[in-house]
Amino acid sequence: MKLKINLLTSITAVAVAFTIGATTVHADSPLAYQAPSTIKKVLYNFNANVPDRYKYYDPNQFLSNADYHIGTKVIYQFASSSLQFAQFPQSATDTTSGVQKFHTGAMGKIVDRRVSDWDAVYYQVKFKGSKQPYWVMAADLLLTKNRNAKNRNMTSAVDKNYDFSYINYLRYRNGLNPLTWNAHLYTLAMERNIEIYNEVNKTGSMTHFNPDGSLQVDTLRQQKGWDDNIISENISNLASTDTPMTSSINIINEYMDNDSVGENWGHRKNILDPNVTQMATATVYLGGNYYNTMLFE
């Protein structure tokens, strides 16, 4: 089967810190008064048969964003597929009021914050020289002061179970069956992150292909002698001043909700593909940026 490939790229290098958010659930959830160990078992133990598991999942529980108050100065980082919105978008794939007016380095101040009905966080920013404020996704903003400049490389920056939970939550919300975890794909995704990091540092860009036109992930798979039928791949390179957990969720939100120009929602289609049954996602922090690879089978 032909491999569907999509990439999301933003090449601004900013360091980040490493923290993990606490496990919480909606206040009206039946899990709200359960022990933390019970909550974790229900939400993150995928060997357990839990009816309506994602009914109780709160996707914003890991978002830090503590330094993004009203009036906070921010720097915009532009991704080629991103849009800015004069009016708050009406849906995750709404592009009617979207423009590409501002590019990397644009300065502004936050004037409002809103969590959309599709659970992605947006900020309304008054950019310098613009009378009209614009809504942008959280992943597109950097703090003017890098509070994590001394952060070190992390080859396993984010607990894979949290990203995996979020992917399955998004599928649940869109009426799709959850995916199962594939350990082979996780190993390949981790190795792809290293490949992408080296490629970005060498060429300034990233790709799914070898020089001869073959797929890099297939080369890795063949070297290991595995017969996994990889259907699709998402890759991303993101600068962030947020925690690893927030940054990783922001990457997923970019895949899902900020991917129209040039990509035609390819990342979103891969995540919401009804024909895939297995996946793995891996996020690392290297050289000032986050790198994510998702593989689907």
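**Entry 1: ground rules**

I count a contact when heavy atoms lie within 4.5 Å. I am working on a predicted model, where local features need pLDDT of at least 70, side-chain atom pairs count only at pLDDT 80 or more, and totals for chains, interfaces and linings use all residues. Residues are numbered from 1 along each chain as its sequence is written, and side-chain values use heavy atoms, with hydrogens and water left out.

**Entry 2: Met-294**

I looked up which residues Met-294 touches, not counting residues up to four places away in sequence. The list holds Ile-167, Ser-232, Glu-233, Asn-234, Ile-252, Tyr-255, Ile-271, Met-279, Ala-280 and Thr-281.

**Entry 3: the whole chain**

I then took an overview. The protein chain has 6 helices and 12 strands. Helices (H or I, at least four residues) and strands (E, at least two) are DSSP runs, numbered from the N terminus. Of the 297 residues, 54% count as buried. Buried means under 20% relative accessible area, exposed over 50%, and partly exposed in between, with a 1.4 Å probe and protein chains only. I also checked contacts between residues at least 6 apart in sequence: 72% of them join residues at least 24 apart.

**Entry 4: the cores**

Which residues touch the most other members of the largest nonpolar core? They are Ile-252, Ile-271, Met-279, Met-294 and Phe-296, out of 24 residues in that core. Helix H2 (160-173), helix H5 (244-257), E11 and E12 are the elements that give two or more residues to this core. A second, separate core has 18 residues, including Met-206, Ile-230, Ala-282 and Leu-286. A nonpolar core here is a set of buried Ala, Val, Leu, Ile, Met, Phe, Trp, Tyr and Cys residues joined through side-chain atoms within 4.5 Å. In soluble globular proteins, nonpolar side chains tend to be buried together.

**Entry 5: strand E11**

I moved to E11, residues 278-286. This strand is mostly covered, with 8 of its 9 residues buried. Two strands pair if DSSP finds at least two bridges between them. E11 pairs with strand E9 (residues 180-181) in the parallel sense, over 2 bridges. Thr-180 has Gln-278 of E11 as its bridge partner. With E12, E11 pairs in the antiparallel sense over 8 bridges. There, Ala-282 has Thr-293 of E12 as its bridge partner. The hairpin of E11 and E12 has 2 residues between the strands, and Gly-287 in it takes a positive phi near 60 degrees.

**Entry 6: strand E10**

Why do I call E10 largely enclosed by the rest of the structure? Because 7 of its 7 residues are buried. On one side sit Ser-232, Asn-234, Ser-236 and Leu-238, and on the other Glu-233, Ile-235 and Asn-237. In a regular strand the side chains alternate between the two faces of the sheet. E10 pairs with E12 in the antiparallel sense over 7 bridges. Glu-233 stands opposite Leu-295 in E12. I also checked Ser-236, which lies in E10 and is buried at a relative accessible area of 1%. The C-alpha atoms of Ser-236 and Ile-252 are separated by 9.3 Å, and these residues are 16 apart along the chain.

**Entry 7: helix H4**

Which residues of H4 (residues 216-224) are buried? I found Gln-216, Val-217, Leu-220 and Arg-221. They cover an arc of only 140 degrees around the axis, which puts them on the same side of H4. That arc is taken from the directions from the helix axis to the C-beta atoms. An α-helix has 3.6 residues a turn, so residues three or four places apart point the same way. The buried residues of H4 pack against helix H3 (183-203), strand E10 (232-238) and strand E12 (289-296). Exposed Gln-222 and Gln-223 are on the face turned away from the buried side. Just after H4, Gly-225 takes a positive phi of about 75 degrees.

**Entry 8: two loop residues**

Asn-182 sits in the loop between E9 and H3. At 7% relative accessibility, Asn-182 counts as buried. Not counting residues up to four places away in sequence, Asn-182 touches Asp-228, Gln-278, Met-279, Ala-280 and Glu-297.

Trp-265 lies in the loop between H5 and helix H6 (266-271). Trp-265 is buried too, at 13% relative accessibility. Its phi is positive, near 65 degrees, in a residue other than glycine. Most residues other than glycine have a negative phi.
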